[in-house]
2 protein chains.
Amino acid sequence: MSQKLERLKTLLAEVADLNHAASVLGWDQQVNMPPGGHEARGQQLATLGKIAQEKFISDEIGKLIEDLEGEFAGADPASDEAALIRVAARNYDKARRVPPEFVAEQAVVTSRAFEAWMEAKGKSDFSIFQPHLEKVVELVKRYISFFPPADHPYDILLDDYEPGMKTADVQAIFDALRPKQVELIQAIASAKQVKDDFLFRKYNEKKLNDFGVDVITKFGYDWNRGRQDRAPHPFATTFSVNDVRITTRFEPDNPLAMLFSTMHESGHAMYEQGVNPAYERTILMGGASLAIHESQSRLWENLVGRSLPFWEHFFPVFKKTFPSQLDGVGVKAFHRAVNKVEPSLIRVNADEATYNLHIMLRLELEIAMVEGKVSLKELPEIWNAKMREYLGVTPPNDAKGVLQDVHWSYGSIGYFSTYALGNLISAQLWEKINRDIKNLDDQIRKGNFGELLAWLRTNIHRHGQKFEPQVLVERVTGSKIAAEPYVRYLTKKYSEIYGL
Amino acid sequence: MSQKLERLKTLLAEVADLNHAASVLGWDQQVNMPPGGHEARGQQLATLGKIAQEKFISDEIGKLIEDLEGEFAGADPASDEAALIRVAARNYDKARRVPPEFVAEQAVVTSRAFEAWMEAKGKSDFSIFQPHLEKVVELVKRYISFFPPADHPYDILLDDYEPGMKTADVQAIFDALRPKQVELIQAIASAKQVKDDFLFRKYNEKKLNDFGVDVITKFGYDWNRGRQDRAPHPFATTFSVNDVRITTRFEPDNPLAMLFSTMHESGHAMYEQGVNPAYERTILMGGASLAIHESQSRLWENLVGRSLPFWEHFFPVFKKTFPSQLDGVGVKAFHRAVNKVEPSLIRVNADEATYNLHIMLRLELEIAMVEGKVSLKELPEIWNAKMREYLGVTPPNDAKGVLQDVHWSYGSIGYFSTYALGNLISAQLWEKINRDIKNLDDQIRKGNFGELLAWLRTNIHRHGQKFEPQVLVERVTGSKIAAEPYVRYLTKKYSEIYGL
């Protein structure tokens, strides 16, 4: 192998080790850390982040990338070597463009914005958060200014989460999707409603947890290379291809959320467990993009976990586990209940039919903020108007409206659309999977997920970050990211459930 | 403050962050990590160690230390600034003397030696380990050669664990101690033996664990700045003055070991929790030496935890927790049982009366190895002869003899005596504490440990690494480390228990 490539890999492996060490510290912070540990942990994470950044943007790495781009100019772009150099070059260029002082300033501004958001949400008063959001938007605009002009300034932000994706592409996809989703919701609203009161009875936390563990064990989550713990917010995190952990939580008001979030996180984790082991400690580790990642979590949570075949397999045991809660409930009624559609105020609780509309609203507001076309003072009003328009519900206050998500306080503008794109990709993959695995429903009905996971491993997981999301989706399904498969999926599913 | 000192502290804080991050990764490896994670974790730890070392031995730090030694030449040696510069200079000098290639070679040799030791111990065959031990001893000699000649070559090794301590000092202390301990053991051997069968009945793991938690909570272990988990081997580890964790384990064959090891580890942890918070992220964090550390763990485990006043407080609840196991057992019989003396083969299971003899044997062998005065082939024979001489027992095989400890396979030669020194110091402190706190026994009998902990905080804990161990002990007790207080303590205790 090229000596220069070998050297680049050695240097990037160190950076990967530092980043993974930081992930361990972050996981521990969420899962184990005693309250006293916070301040020191913040400093440790800051130091690891600073050193990883310094090591990554070194002149030596820049020179190696430059030389290697020449050396591998004629290489197959789908080769590991070409992909590694491409991703390294891309990330290096981004990292070098952003001055360290800006990163430091951003840390201060967003840390204060987060505090203000906490207070504003607690008091349900957007005016507390507004001046901080002004500063966040100002920072975001400065961030954009470090990069060469794009078709749209928002492209710069989106590209950090979805390499190669354009704002215009997302808008076109969402424009095709929006009327179909609104139409579907309206049709559902006039249909006979679904009964789901039995989902909100008292469920034993441990039994639910154990059931979730059994489910994802059958899915193929590898416990030899992972573990599950409790944390205030469910997440998946990666320390190595061979150590990918998930967390879960129990919400007494919404007990089954634990089960679906476990399936969701296992989807993220199985993706990372399935990356080509040869990518360990290289820049190709991890998922291709947030949307591709979300396609994996949503696929296991929704396409599998809310399907009738899935519950035909699991419901008998589930009912035996919770006989009093599910007294008189059959598998079909249960399946309908876990798929109940109800336009609601809060994104994270939204069902499959309404979720994407929450995202579209946010994307529109983010683009308007970046374009400077909205006065932040009016944000709550605009939010509420859009909620009425898309979902027919009006937030009673800021806490349940414009203040519900933490993302903007972190400075994460450009992030939300990846959730909706993930939903779309999951349905696109699902159509292709069902063409390739003819009897998939039967397999699921028998609790066999091996062939499904193997398909995902081969077509998605193993590639890690080798392909950009649009390239990967087109490679696998024959089309770029599109709305139609998801619309077909929702229409079929809800037509059956609601007799549309 | 001096600008240079400020700069040195900033640089050393980064190194501290890296080392603490490595401690988090090490803790996770013992406590949580799934089996698959081992290889990547090893690489992450190696990278963190390498970067911490590179950052520490930088020319900039060397120059700052040199300048500051001049700038603070007239400062009070007991000031924080002078101590910080002294400890930094000391550690810097040591780190710079050892070539990175040597460190790398050492890692390879000891990793293989550890594997060989595992196999040798499993097969109880010293000849498997012998060639690796030869290499370890060879490395140790080369390590010594990097330093200026000392009074004795073993001083170089000892100094890494006990700053400022000399081999001759330890030998003099042990020479005073050995005949007294042997005499005491012989007297006990001819006395009426103590009954302790009830300690080895079946005890419920969770109840024992909860009891241990209650005990160390009363001691003053701060759960807001710590936590306890299960691990294959009990240990304490520090990520910050405000995050000091301990682990414990349950041994079905020796259930009460869990309780005493919990007290032991809490002693280490309370020490680190009690260090001056101003030392956070400085080179003065942590304990003064391994012996001082061990004095704290042994004080809580033995001087407190095996005392009659302690059990007069805790036994009623303990007996209520385990009524059938302790049926017919009174507090005095129980106190006698947990203090039973029985010369045995294995150091880690040894009682207070015999423990130090295990250490003396090891020190003598280590010094002989460093001096080249022993053929390693004969090590098992020499070991067994000394066991007979000191303890009157003969190991039936290598596994229960010369192969029982892991330390030599790690290259840790110079370490063992710190265990015995810790015992001695604990008794020295105990005499002083009882002069300062007249009614300490009464306080313990009432379950009040606040004044004791406050004394340790003020006299030992808060100083961190500010004083060398001999300086600290003399500052606090008026004498250097000595054998007499421990002999007095043992003699009094066992005279009562065995009616000598």
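Q: How do you know that the axes of helix 14 and helix 15 of chain A cross at roughly 145 degrees?
A: In this predicted model, the axes of helix 14 (residues 355–371) and helix 15 (residues 379–391) of chain A come within 10 Å. Axes are lines fitted to C-alpha atoms, for helices over the stretch in contact, and angles run from 0 to 180 degrees between N-to-C directions, so roughly 145 degrees is the angle between the two directions. Helices (H or I, at least four residues) and strands (E, at least two) are DSSP runs, numbered from the N terminus.

Q: What classes of residue make up the contact of helix 14 with helix 15 of chain A?
A: The contact has 10 nonpolar, no polar and one charged residues.

Q: What makes strand 1 and strand 2 of chain B edge strands?
A: Three strands of chain B form an open, mixed sheet in the order 1-3-2. Strand 1 (228–230) and strand 2 (236–240) each pair on one side only.

Q: How do you know that strand 1 and strand 3 of chain B pair?
A: Two strands pair if DSSP finds at least two bridges between them.

Q: Why are chains A and B said to be related as by a two-fold rotation axis?
A: A rotation of 180 degrees with 0.0 Å of shift along its axis superposes chain A on chain B, with an RMSD of 0.0 Å. The copies are thus related as by a two-fold axis. Superposition is by least squares on the C-alpha atoms of residues with pLDDT of at least 70 in both. Ala21(A) is the residue of chain A closest to the axis, at 3.6 Å (C-alpha).

Q: How do you know which residues and chains are meant, and which parts of the model count?
A: Residues are numbered from 1 along each chain as its sequence is written, and chains are lettered from A and ligands numbered from 1 in the order in which they are written. As this is a predicted model, local features need pLDDT of at least 70 and side-chain atom pairs count only at pLDDT 80 or more, while totals for chains, interfaces and linings use all residues.

Key: Ala, Val, Leu, Ile, Met, Phe, Trp, Tyr, Cys and Pro count as nonpolar, Asp, Glu, Lys and Arg as charged, and the others, Gly among them, as polar.
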